[in-house]
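The following questions and answers examine a structural model step by step. Please consult the sequence and the three-dimensional view while reading.

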Amino acid sequence: MVTRHPDTDLLVEYTSGSLSLAPSISVTTHLQFCENCSNAVDSLNQLGGDILEAAEAVPVCEDLFEKILLGIDEGSPESASPHGAKITAVDAISDSLPRYVQQFLPKGKLRWRFLSPSLRLATISVGEDRHELALHRIQAGGKAPEHDHNGEEITVVLTGCFSDEDGVYQPGDFIVREPGDVHRPFAAQNKECICLSVLSAPIKLTGLKRVFNPFMGFSPS
Amino acid sequence: MKNSQLNRLCETPMPEVQDWTACLKTIGDYQDKARFSLLFEHFSPRVKAFLIKGGHLNEEKAEELVQETMIKVWRRSSTFSPAQASASTWIYTIARNTRIDCFRKQSRENLESLSADDIYDSSYEDDSHYSSLVQIRRNDHIDQQLKELPQEQSEVLRMMYLQGMSGQQISDSLGLPLGTVKSRIRLAIAKLKIGFASTYKPD
Ligand SMILES: [Zn+2]
């Protein structure tokens with residue numbers, strides 16, 4: 001059961017369209033697992049619709065409707081589900097992830113980078129430079145290095161589960177770590193855990209003496 | 001619109017539309033251009049207000065995006081389901097996504113050709129771990145209660161939903177701490193009785 005949800009104000013930013021691309025992907029991913037937040041998002045979209053309805057009208061050009069009639073005669077109606085073709089899962093791991101997430105994966109196999117004996121990472125490029133989107137994979141029984149955050153990190157559990165000092169996280173759980181939260185996640189003994197993560201600044205590994213940051217290849221352009 | 005065209009569109013007398021959701025459904029079911037013209041007259045000035053208030057759009061660009069939005073409304077109308085959204089909600093999400101894509105193109109993001117429709121897509125929900133209960137997801141009380149909110153709360157909601165501002169941008173613009181902006185949002189949402197995690201009940 002999903003027990004960790006995005007905050008109200010995050011869902012408001014999400015539905016009002018001011019949330020950046022990568023965090024928005026993490027919210028939609030959570031919605032794949034959470035009926036409660038899906039209903040809340042429907043209501044918040046309705047709030048957007050009601051605010052649109054109440055907006056002070058600004059007149060449009062007289063010939064705009066004619067232009068639109070010309071436009072609609074050129075194209076054909078959109079089909080109900082244009083998405084099937086985008087699914088590109090080519091390996092077992094990709095295939096185990098929610099279909100919504102699969103559409104963002106690179107074509108071809110995921111390229112996992114080795115971060116520690118039990119932790120691998122594959123970055124996902126979505127053309128946004130303020131955040132980094134990635135998949136984390138903690139092997140069964142494995143521990144991720146203890147780390148601290150310079151920026152905010154959002155994690156959504158996709159498969160398996162992991163724990164840290166604060167609790168156990170199941171598929172769908174949406175966890176936000178603020179800068180300064182030191183934690184050390186570890187996966188359940190019997191199953192590896194895959195998470196989607198969104199990072200707004202590099203992570204520091206606190207368990208290591210040398211200052212280096214292999215946890216994320218964060219490189220704002 | 002030219003008179004001749006109006007006459008052609010309105011061969012059958014059109015009652016004043018009260019229910020835009022039913023109107024949109026009819027447009028989708030019958031490709032009814034006459035009703036589409038009424039829907040256009042009602043919504044396009046509001047969509048234009050939404051686009052202009054979102055900032056940085058001149059008259060010409062706003063008109064172009066109104067056109068883009070209303071063409072999408074027409075083309076997707078056959079997928080519109082009154083059980084899932086009202087007409088204003090549905091048109092709002094299309095206008096919002098159109099505006100997001102426009103801004104991302106301007107800021108040279110979106111090189112991977114991901115559109116806002118992809119990001120917000122909920123068409124995968126069928127696969128998810130919860131059963132899809134058939135329910136009407138409309139809360140008629142939201143509209144009424146929106147009018148009764150204290151001005152300082154409705155102002156913040158309008159800045160977010162109409163102008164597309166983030167909490168941080170509102171904080172900067174009003175000269176208020178971010179925490180104050182967030183608490184206004186939370187109070188407003190609580191008053192609108194929009195359900196969140198605390199109301200979650202397992203089956
Ligand atoms: Zn939730």
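A residue counts as buried when its relative accessible area is under 20%, as exposed when that area is over 50%, and as partly exposed in between. The model discussed here is predicted.

Q: Is Asp9(A) buried or exposed?
A: The cut-off for a buried residue is a relative accessible area under 20%. Asp9(A) has a relative accessibility of 8%, so this residue counts as buried.

Q: Which residue forms a salt bridge with Asp9(A)?
A: The closest N and O atoms of the pair are 3.7 Å apart. Asp9(A) lies in helix 1 of chain A and its partner in helix 10 (residues 178-191) of chain B, so the pair joins two chains.

Q: What is the arrangement of the four donor atoms around the zinc ion?
A: The zinc ion is coordinated by His5(A) through ND1, His30(A) through NE2, and Cys34(A) and Cys37(A) through SG, at 2.0 to 2.3 Å. Four donors count as tetrahedral if all angles lie between 85 and 135 degrees. Because the donor atoms subtend angles of 101 to 114°, the arrangement is tetrahedral.

Q: How many residues apart in sequence are the parts that His5(A) and His30(A) tie together?
A: Along the chain, the donors of the zinc ion follow the spacing H-x24-H-x3-C-x2-C. His5(A) lies in the segment before helix 1 (8-16) of chain A, and His30(A) lies in helix 2 (residues 21-31) of chain A. The pair therefore ties together parts whose separation in sequence is 25 residues.

Q: How many salt bridges are counted between domain 1 of chain A and domain 2 of chain A?
A: Domain 1 comprises 8-77 and domain 2 comprises 111-215 of chain A. Together they bury about 1,100 Å², with 78% of this area on carbon and sulfur atoms. A search of the whole structure finds 14 salt bridges over all chains. Between these two domains, however, the count is zero.

Q: Which residue forms a salt bridge with Arg76(B)?
A: Arg76(B) has a relative accessibility of 15% and therefore counts as buried. The closest N and O atoms of the salt bridge are 2.8 Å apart. Arg76(B) lies in helix 4 of chain B and the partner in helix 6 (residues 116-120) of chain B, 41 residues apart. The partner is Asp117(B).

Technical notes:
Residues numbered from 1 in each chain as written. Chains lettered and ligands numbered in written order. Predicted model: local features only at pLDDT ≥ 70, side-chain atom pairs only at ≥ 80, totals over all residues. Heavy atoms only, no water. Donors = N, O, S within 2.8 Å, 3.2 Å for Na, K, Ca; no water. Tetrahedral: all angles 85-135°; square planar, octahedral: opposite > 155°, others 65-115°. Helix = DSSP H or I, 4+ residues; strand = E, 2+ residues; numbered from the N terminus. Domains from an automatic or database assignment. Buried area = accessible area lost by both parts, 1.4 Å probe. Salt bridge = Lys/Arg side-chain N within 4 Å of Asp/Glu carboxyl O. Buried < 20%, exposed > 50% of the residue type's maximum accessible area, 1.4 Å probe, protein only.
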